[in-house]
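Here is a short note to read alongside the structure. Take the points in order and find each element as you go.

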Amino acid sequence: MNKLTLISLAGLLGLSSAAAQSADYTLRFSHFWPASSGVHQGFEAWGKSLETASDGQIKVDFYPAQTLTKAPQSYDGVKHRIADITATVQGYTANRFPLTQIMELPGMADTAVHGTCVLQSLYDEGLISGEYQDTQVLYLFTHGPGYLHTRDKVIEKPEDLAGLKIRRPTTVVAQLLESQGAQPVGMPAPETYPSLQRGVIDGVAMPWEAMKVFRLNEQAGQHAEINLYTLSFVVTMNKQVYNGMPEDLKAVIQSHSGMEWAQKQARVFDGLDRAGYEEATSANHQINTLQQSAWQAVFEQATERYLAELEARQLPARDVYRRARELSASCAS
């Protein structure tokens with residue numbers, strides 16, 4: 001083979017390589033969980049599966065721990081393409097996903113798998129999908145029940161919340177806490193550790209998963225298990241990026257969307273709930289499982305108040321709530 005042929009062949013290979021490279025999509029995935037957490041590993045498994053299914057044409061670069069977008073700005077970060085994909089809490093953007101946040105009302109789910117079945121079904125049935133028109137939703141999930149965890153104060157009944165500064169995840173949970181005389185403090189989950197450490201807050205409303213992932217068992221030794229709320233999450237993508245993909249790669253994205261992947265991530269959360277609980281028991285923390293009956297009136301009041309607020313905004317709150325309760329029963333079985 002002469003020198004000219006080698007040069008021509010090299011040129012063709014270079015063009016072929018460049019063409020292949022230009023066909024690739026590298027997607028920036030932003031979220032607020034630590035890179036060392038099981039939650040991050042769950043997202044990584046999704047990214048690796050996506051890469052394999054697309055024969056390497058789609059790759060996912062991860063930006064955990066708020067390194068690309070801060071937690072409260074994550075959804076808008078995807079909308080405006082600061083990130084291409086995010087996993088975030090809908091309730092971090094107040095009043096934007098009011099029907100979705102019906103999932104946050106007390107006693108909606110017993111586990112992350114259970115709550116995720118309800119939430120993803122509400123979306124698939126079109127009952128809450130109108131709240132996500134500005135991004136391409138991939139899947140939705142919940143964590144397990146959110147409990148009360150305090151540094152020192154033992155909580156057994158609603159009146160014990162009076163005067164306590166409790167980190168709340170969203171305004172829906174804040175209303176419930178405030179109704180019992182607590183002082184709700186809004187902050188993203190990654191900021192809770194130093195706030196507990198310095199005494200800025202007395203406790204947190206969190207699932208066991210967060211107590212493990214954000215190392216909060218190091219700061220809170222009192223735990224009250226009462227099914228206070230269930231937080232909703234969304235994994236969503238910039239719509240323009242999605243629409244700009246060829247049909248075969250859109251199909252790959254769709255095969256990594258919906259209930260199957262929602263449930264995979266939910267199982268990660270349920271596993272972390274068990275790990276968080278076991279960590280607290282190993283440290284000889286006090287864990288009180290509270291009677292639902294003592295809190296029922298408070299829960300009913302909080303539910304009625306939220307649904308009435310949404311109805312005043314001409315939203316079909318009771319229809320969504322009624323269907324969510326039906327799904328809660330069927331998903332449990």
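1. Ground rules. This is a predicted model: local features need pLDDT of at least 70, side-chain atom pairs count only at pLDDT 80 or more, and totals for chains, interfaces and linings use all residues. Residues are numbered from 1 along each chain as its sequence is written, and side-chain values use heavy atoms, with hydrogens and water left out.

2. Overall make-up. The chain has 12 helices and 11 strands. These are DSSP runs, numbered from the N terminus: helices are H or I with at least four residues, strands are E with at least two.

3. Overall size. A compact globule of 333 residues would have a radius of gyration near 20 Å; the chain has 22 Å, which agrees. That radius is taken over C-alpha atoms, and the globule rule is 2.2 Å times the number of residues to the power 0.38. Along the principal axes, the C-alpha atoms fill a box of roughly 90 × 45 × 35 Å.

4. Burial. Of the 333 residues, 53% count as buried. Buried means under 20% relative accessible area, exposed over 50%, and partly exposed in between (1.4 Å probe, protein chains only).

5. Helix H4, length and ends. H4 covers residues 112-124. Its 13 residues reach 18 Å from first C-alpha to last, close to the 18 Å expected at 1.5 Å a residue. The expected span is 1.5 Å times one less than the number of residues. Thr-111 caps the N-terminal end: one of its side-chain oxygens lies 3.5 Å from the backbone nitrogen of Val-113. After H4 comes Gly-126, with a positive phi near 85°.

6. Why is H4 largely enclosed by the rest of the structure? Because 10 of its 13 residues are buried. Among them are His-114, Cys-117 and Leu-119. The cover includes strands S4 (136-142) and S10 (232-237), and helices H10 (259-282) and H12 (317-332).

7. Helix H12. The 16 residues of H12 should span 22 Å at 1.5 Å a residue; the end C-alpha atoms are 22 Å apart, which agrees. Buried in H12 are Ala-317, Val-320, Ala-324, Leu-327, Ser-328 and Cys-331. They cover an arc of only 110° around the axis, which puts them on the same side of H12. The arc is that of the directions from the helix axis to the C-beta atoms. An α-helix has 3.6 residues a turn, so residues three or four places apart point the same way.

8. What H12 meets. The buried residues of H12 pack against H4 and helix H11 (292-312). Contact here means heavy atoms within 4.5 Å.

Notes: A polar contact is a pair of N or O atoms within 3.5 Å; within protein, one must be able to donate a hydrogen and the other to accept it, and residues adjacent in sequence count only if both atoms are side-chain atoms.
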